[in-house]
Amino acid sequence: MSDIKAFNQAANDCTDGEHQVQLALLEKLCVALETGADAANTSQLLNALIDYSEAHFMSEELLMRMKSYDDYEDHQDDHVHMLEVLRDLKAQLDSDPPTLLASQARAMLGFISQHIATRDKRLADHVRQGL
Ligand SMILES: [Fe+2]
């Protein structure tokens, strides 16, 4: 395997692993909101999810730039939207009922899952086929 193919494979493996962590954190947040978990614990989970998502999206965006990826702007728009929703959730955490926040978190889980299955899959295919 060439160095570039090995790099591309490692990049995709790394991204897949990050998606699993991101989805697991978001699922935990959903359950915490749905079960009325301790507010400090919920807040900690949401902060970890935001921090992780910022780092993950930045690494994906760097990869897209390195690969001169043609869907960069629309893909990045999804990232911006997801971070806005997560930051809005954080701003509402102390004021809005957990059931409302739980439904927003579940909707975000659906959006991120769809993003991974479509835009991230397309990016992974592009990286895999790269030289
Ligand atoms: Fe992405």
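R106 counts as partly exposed, because its relative accessibility is 31% (buried is under 20% relative accessible area, exposed over 50%, partly exposed in between, with a 1.4 Å probe and protein chains only). R106 forms a salt bridge with E34, with the closest N and O atoms 2.6 Å apart (a salt bridge is a side-chain nitrogen of Lys or Arg within 4 Å of a carboxyl oxygen of Asp or Glu). R106 lies in helix α4 and E34 in helix α1, so the pair ties together parts 72 residues apart in sequence (helices, H or I of at least four residues, and strands, E of at least two, are DSSP runs numbered from the N terminus).

This is a predicted model, in which local features need pLDDT of at least 70, side-chain atom pairs count only at pLDDT 80 or more, and totals for chains, interfaces and linings use all residues. Residues are numbered from 1 along each chain as its sequence is written, and side-chain values use heavy atoms, leaving out hydrogens and water.

- The structure holds eight salt bridges.
- One of them joins E27 to R106, the closest N and O atoms being 3.0 Å apart.
- This pair also links distant parts of the chain: E27 is in helix α1 and R106 in helix α4, 79 residues apart.
- E27, E34 and R106 are linked in a network of salt bridges.
- E27 counts as partly exposed because its relative accessibility is 32%.
- E34 counts as partly exposed because its relative accessibility is 42%.

- R119 forms a salt bridge with D71, with the closest N and O atoms 2.9 Å apart.
- The two sit 48 residues apart, R119 in helix α4 and D71 in the loop between α2 and α3.
- R119 is partly exposed, at a relative accessible area of 24%, whereas D71 counts as buried at 12% relative accessibility.
- The side chains of R119 and D78 are joined by a polar contact of 3.1 Å (a pair of N or O atoms within 3.5 Å; within protein, one must be able to donate a hydrogen and the other to accept it, and residues adjacent in sequence count only if both atoms are side-chain atoms).
- D78 is found in helix α3 and is buried, with a relative accessible area of 15%.
- Leaving aside residues up to four places away in sequence, D78 touches F111, H115 and R119 (contact means heavy atoms within 4.5 Å).

- Helix α3 covers residues 72-92, and its 21 residues should span 30 Å at 1.5 Å a residue; the end C-alpha atoms are 30 Å apart, which agrees (the expected span is 1.5 Å times one less than the number of residues).
- Among the buried residues of α3 are Y72, H75, H79, M82 and L86.
- The buried residues of α3 pack against α1 (3-34), α2 (39-66) and α4 (98-129).
- The axes of α2 and α3 come within 10 Å and cross at roughly 170° (axes are lines fitted to C-alpha atoms, for helices over the stretch in contact, and angles run from 0 to 180 degrees between N-to-C directions).
- The two helices α2 and α3 are therefore roughly antiparallel (angles over 145 degrees count as roughly antiparallel, under 35 as roughly parallel, 65 to 115 as roughly perpendicular and the rest as oblique).
- Residues making this contact include L46, I50, F57 and M64 of α2 and H75, H79, L83 and L86 of α3.
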